[in-house]
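Dear colleague,

Please find below the structure that I am handing over to you, together with its sequence. My notes on what was found follow directly after it.

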Amino acid sequence: SLYPPQKNNSNPNPNPNPNPYPSPLTALIHTMAEAGGVKDVLESVAPASSVPDIATNAVLGESATMPEGTPQCGGYDFNNGVDYRAMFGQYKYHGFQATSLGKAIDEVKRMRAWRLSDEEIKENEDEDFKDPEVRANTKAKVFFGYTSNQISCGTRETIRYLCQHKMVDVVVTTAGGIEEDIMKCLAPTYMGDFALRGKDLRLKGINRIGNLLVPNNNYCLFEDWMNPILHAMMDEQENDGVVWTPSKMIARLGKEINDESSVYYWCWKNNIPVFCPAITDGSVGDMLYFFSYKRQGFVLDIARDIRLMNDEAVNAKASGMIILGGGLVKHHICNANLMRNGANFAVFINTGQEFDGSDSGAKPDEAISWGKIRIDAQPVKIYADASLVFPILVAETFAREIEAAAAAEEATEG
């Protein structure tokens, strides 16, 4: 028996189980402990040599030596004070999407720093581009694209800043990206909540964009503002033979709005072409639809715009792409750069995933396979809401550049 012998006891045990130990194993340990000591018991129960070699090798296997200079992970130490520049500078060593943002900052800096003078003169180079001064002043052409939600939200002001200071060369957006900029010059967009019920809002004539609210009156104001412009454009088409394209129309709207808070006012003023191949897919399309019942025959020639768009890429000595979101704007810019065998620099910011085969979610490496990004490029994709990270990207690149130039000019004048 595994249990120790029971002593005779004249008093009956009230416990029907005569075993004083809670389990056979406990009884065994007590018995062996009386015979040989606790140490012998422990060694017999769990000898050190019983750990399987497969487990030891799996858990405690030796590591390869990390290559010299491999960056180490680490975040910003706020004991050094609140220093945003130092904090963002540490992002590329932070890990996850902070690292992607840090790499995107470096990519935009490379994009902005490139000069034709960095390259050797080709045998078939145009005479104009052999001049050292011309080469030193020839920069990479920046193609900048964004979906309409970036104009709906506060990113609009960041976009306007870039266009105001001529920091981008070509803009591509959607119809909503055009009309909502103009509408914000006429009436405000309000803060709301993602949880507001669509039924309640519809009955009140309020449209929801995420957690933003746009009263239907804003669209009425937009129609009232745009109708006279459409009539004037139609007159010019009929009387002067003007051929309107989406880009020419957007420039006209920027001129007519005459408001420095507008993205497209600055695009018009700084001669930055804005391409919108799906300009009818939104309120602008609604206005054109209603206008067609008043005067038929208004024409927007998208074929001329594709020639202009692709030529912007073909004629660039180097090109960079900064694209917020996916869909049409992403593909339109990438496809234009295919015409020059790919962009030299690229930053994508979106939340799209590649598992469904969409171009919106495709990583930069897929674009390389199509020839839309150069095979020797160092493109970056940030998986994030652009409204959150794009202002930081601009603050650490374009805004620093503008700030430094202003300081240098002030020092020269001083």
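Is Cys 153 buried or exposed? In this predicted model, Cys 153 has a relative accessible area of 16%, and because buried means under 20%, Cys 153 counts as buried. Cys 334 is likewise buried, at 2% relative accessibility. The structure holds zero disulfides.

**Aromatic rings and charges**

The structure contains eleven aromatic pairs. One of them joins Tyr 76 and Phe 78 in an edge-to-face arrangement, with 5.0 Å from centre to centre and 90° between the planes. Tyr 76 is buried, its relative accessibility being 17%. Another edge-to-face pair is formed by Tyr 289 and Tyr 293, where the centres are 5.3 Å apart and the planes are at 80°. Of these two residues, Tyr 289 is partly exposed at 48% relative accessible area, while Tyr 293 is exposed at 63%. There is also a cluster, in which ring pairs link Tyr 84, Phe 88 and Tyr 91.

Two lysines lie over aromatic rings. The charged end of Lys 317 is placed over the ring of Phe 129, at 4.4 Å from the ring centre. Lys 372 lies over the face of Trp 370, and here the distance to the ring centre is 5.0 Å.

**Strands S3, S4 and S5**

Strand S5 comprises residues 212–215. It pairs with two other strands: with S3 (residues 190–191) in the antiparallel sense over two bridges, and with S4 (residues 206–209), again in the antiparallel sense, over four bridges.

S4 and S5 form a hairpin that has two residues between the strands. Gly 210, which lies in the turn, has a positive phi of about 65°.

In a regular strand, side chains alternate between the two faces of the sheet. In S5, Leu 212 and Val 214 point one way, whereas Leu 213 and Pro 215 point the other way. All four of these residues are buried.

**Helix H12**

Helix H12 covers residues 246–257, twelve residues in total. At 1.5 Å a residue the helix should span 16 Å, and its end C-alpha atoms are 16 Å apart, so the two values agree.

Which residues of H12 are buried? They are Pro 246, Ser 247, Met 249, Ile 250, Arg 252, Leu 253, Gly 254 and Ile 257. An α-helix has 3.6 residues a turn, so residues three or four places apart point the same way. The elements that cover the buried residues of H12 include the helices H9 (175–186), H11 (216–240), H13 (263–269), H14 (283–292) and H15 (302–314), as well as strand S6 (274–275). Directly after H12 comes Asn 258, whose phi is positive, near 50°.

Ser 100 belongs to helix H5 (residues 96–113) and is buried, with 14% relative accessibility. When its neighbours within four places in sequence are left aside, Ser 100 is in contact with Val 380, Lys 381 and Ile 382.

Lys 330 belongs to helix H16 (residues 327–338). Buried or exposed? With a relative accessible area of 2%, Lys 330 is buried. Leaving aside its neighbours within four places in sequence, Lys 330 is in contact with Ile 323, Gly 325, Phe 348, Asn 350, Asp 359, Ser 360 and Ala 362. From Lys 330 to Ser 360 the separation is 30 residues in sequence, but 7.0 Å in space from C-alpha to C-alpha.

**Positive phi in residues other than glycine**

Phe 96 is not a glycine, yet has a positive phi of about 60°. Phe 96 is located in helix H5 and is exposed, with 78% relative accessibility. Lys 166, also a residue other than glycine, has a positive phi near 55°. Lys 166 is placed in the loop between helix H8 (155–164) and strand S2 (170–173).

Yours sincerely

Conventions:
Residues are numbered from 1 along each chain as its sequence is written. This is a predicted model: local features need pLDDT of at least 70, side-chain atom pairs count only at pLDDT 80 or more; totals for chains, interfaces and linings use all residues. Side-chain values use heavy atoms; hydrogens and water are left out. Rings of Phe, Tyr and Trp (its six-membered ring) pair if their centres lie within 6.5 Å; planes under 30 degrees apart count as stacked, over 60 as edge-to-face and the rest as tilted. Buried means under 20% relative accessible area, exposed over 50%, partly exposed in between (1.4 Å probe, protein chains only). A charge sits over a ring if NZ of Lys or CZ of Arg is within 6 Å of the ring centre and within 35 degrees of the ring normal. Two strands pair if DSSP finds at least two bridges between them. The expected span of a helix is 1.5 Å times one less than its number of residues. Contact means heavy atoms within 4.5 Å. A disulfide is a pair of cysteine sulfur atoms within 2.5 Å.
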